[in-house]
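Dear colleague,

Please find below the structure that I am handing over to you. My findings follow directly after it, and I would be grateful if you read them with the structure open.

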Amino acid sequence: MIKPMKNAVDQNNTDDRLNNQIRGFLGLWPFVLGLAFSRAGIVAINYGSYIETDAGIFSEKIILASLLLTALALPILFSKDRQLGRSFVHVLAIASVLIAGALLAVSAVLAYLGIEDQTANLALGISLALFGRLAMFYWLRRLKGMSPLNSIFAVFTALALSEVVISLYVFLPDSLAYLIAAVLMVSQLLFLRKPDLASRAPAGQKESPPSNYFEFARALMSKKQFLFFSATGIGLTSIVIGFLRGYPNGMAIAFTAQTRIGYVLLTVALCVLFIVMAVKGHHRIMSLGIWITLQLLASLALFSYAAFPADLQIGAVFTTTMNAMMLGFAWYTIIAFSSLGFKDPYYYAIFTFMAWISFRAFARVALYGFAFISGNTLLVSVLIGVALLLSAQIIYMQYIGIARSEAKNVIERFTARKSAFTTIMGLDEHNSMDDIRKTSMVQSAKDVGKQFLLSEREIEVLSLYALGFTQRRVAEELHVSQSTVHTHIKRIYAKTDIHSRQALLDYIKEHAV
């Protein structure tokens, strides 16, 4: 009778965790809609709703000009040691949404009247890119401090939703598509209330502190180093995207109806895959996993261009999907560094977009502007291959360095505990069995903590509590108040649905894996 009862408890705990995850995801809907509608508005005008890989050099001119304007704020944000005021951020968000919506509405009117003026379109595009991106950055700012799982869900759900919306624009007249984009942009005001910017989704998903972004132990590398290496990897990979988007002469590659649908389906499928893998606990999906995916897409695009030179749209499917997935990773990177860094989130947002879009645009302009490169398929293919190889080398050298640092830290921690080492080697005359029991109990407590999605601090409390420490002793060990320890223990009991120390010890002994 005991086993069936315990199996039932395990099933109930699993159901509770799933319900907590679902409630946490539902709490993210404003962020998802905000990101999706902001992107859908920008893409409708500046990228021609991806009827082609983009709107050609017109897109790159707009992006570079808007980035230069945005970059003017970087020195100010860098010099500030505190965050921008909440009221200022809220007013900026409202203004950005309203102005972006108005620009889309003006574009709809011009398209309906059949007025085409290159200078006007360029000014509208630059302004929309600037204010639409500020609206986008606002929602990324609101995600600061969110758990990695919530962050992955938010950014890739928003990316998938925006792709669906943008694909619908393709079947509509430009004037109607721009008008819908304007309505969606302005609709953000409905859930852009003046918030506590530290507010979060339901606690079932919350992790504190958010130190496991990119799934590396704390202090392996400084944040500045990791930000630099990440930006370098993003920049070099973006050069590849820039070359691929305009292969081989810098001009946009047109989609057929079939390849346009194929691009949307592939992008949405990858978004769903990333979310599912994150939910299942594949912790390196946003570190090694994302880079492998990006490089695989680049390789498939380059192969398709070479194999089907008369049907470049096939390679364009992988190219545009790669660009979309890079956007998702850029969003995640902004959330990660905003959560871990001390600068204002707008700083990390601008820095990341500069690293991504500027390199992509420069590569595209080089294809179009330099005669000895433009149209030379062999040379362009070699340049893409070299850029892809360099990006892979720098990215993986970065992770090898981190792995070495991690191994060094593990060795130092291991050798520092002489008693544990001598116990394992059978050289300790005193308390060897006791040391082994403690080591085993701590590891088992960590395993149980992972099963019940306990926070890092709750696992620490559980480990000491399972060793027989009193709440007072646990508080002294962790340098916190006794009431804080009591609160953590109550949360542990609630999450595990176990309500006594002995029952908790029994569960740890039997169910730790």
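The lining of the largest cavity in this predicted model draws at least two residues from each of α2, α6, α12 (312-340) and α13 (345-369). Of these helices, α13 supplies the largest share, namely 4 residues. The space in the largest cavity comes to about 160 Å³. Its lining consists of 15 residues, and Ile42, Tyr47, Leu327, Phe353 and Trp356 are the closest to its centre. Divided by class, this lining has 11 nonpolar, 1 polar and 3 charged residues. In total, 2 cavities of 30 Å³ or more were counted.

The second largest pocket holds about 610 Å³ of space. Lining residues come to 26 here, with Ile45, Phe58, Asn121, Asp174 and Tyr178 lying nearest the centre of the pocket. At least two lining residues come from each of α2 (29-46), α5 (86-113), α6 (118-142) and α8 (174-186). The classes in this lining are 15 nonpolar, 6 polar and 5 charged residues. Helices α2 and α6 therefore deserve a look in both places, because each supplies at least two residues to the lining of the pocket and each does so for the largest cavity as well.

As to the overall picture, the protein has 20 helices and 0 strands. Of its 513 residues, 50% are buried. Among contacts with a separation of 6 or more, 83% are between residues 24 or more positions apart.

The packing of the interior comes next. In soluble globular proteins, nonpolar side chains tend to be buried together. In this model, the largest nonpolar core has 116 residues, and those with the most contacts inside it are Phe156, Met325, Trp331, Phe353 and Trp356. Helix α12 gives the most to this core, with 15 residues. Apart from it lies another core of 25 residues, including Ala445, Phe452, Ile498 and Tyr507. Neighbours within four places in sequence aside, Trp331 is in contact with Leu35, Arg39, Met136, Leu140, Val155, Ala158, Leu159 and Phe353.

Helix α3 covers residues 57-71, and its 15 residues reach 21 Å from the first C-alpha to the last, close to the 21 Å expected at 1.5 Å a residue. Its buried residues are Ile57, Ser59, Glu60, Ile62, Ile63, Leu64, Ser66, Leu67, Thr70 and Ala71. Helix α4 spans residues 74-79 and contains Ile76. Ile76 has a relative accessibility of 51% and so counts as exposed, the cut-off being over 50%. The C-alpha atom of Ile76 is separated by 9.0 Å from that of Tyr347, although the two are 271 residues apart along the chain.

Several loops also have features to inspect. The peptide bond from Tyr247 to Pro248 is cis, with omega near -5 degrees. Pro248 belongs to the loop between α9 (223-245) and α10 (257-279). Gly375, in the loop between α13 and α14 (377-416), touches Pro248 and Asn249 when residues up to four places away in sequence are not counted.

Which residues have a positive phi although they are not glycines? Leu453 is one of them, with a phi of about 55 degrees, and is found in the loop between α16 (432-451) and α17 (456-466). Asp497 is another, with a phi of about 60 degrees, and lies in the loop between α19 (482-496) and α20 (501-511). Leu453 is partly exposed, because its relative accessible area is 40%. Asp497, at 41% relative accessibility, is likewise partly exposed.

With kind regards

Methods. Residues numbered from 1 in each chain as written. Predicted model: local features only at pLDDT ≥ 70, side-chain atom pairs only at ≥ 80, totals over all residues. Heavy atoms only, no water. 1 Å grid on protein atoms, 1.4 Å probe; cavity = no way out; pocket = protein on both sides within 12 Å on 5 of 7 lines; lining within 4 Å. Points joined across faces, edges and corners; volume = space filled by probe spheres on them. Nonpolar A, V, L, I, M, F, W, Y, C, P; charged D, E, K, R; others polar. Expected span 1.5 Å × (residues − 1). Buried < 20%, exposed > 50% of the residue type's maximum accessible area, 1.4 Å probe, protein only. Contact = heavy atoms within 4.5 Å. Core = buried A, V, L, I, M, F, W, Y, C linked by side-chain atoms within 4.5 Å.
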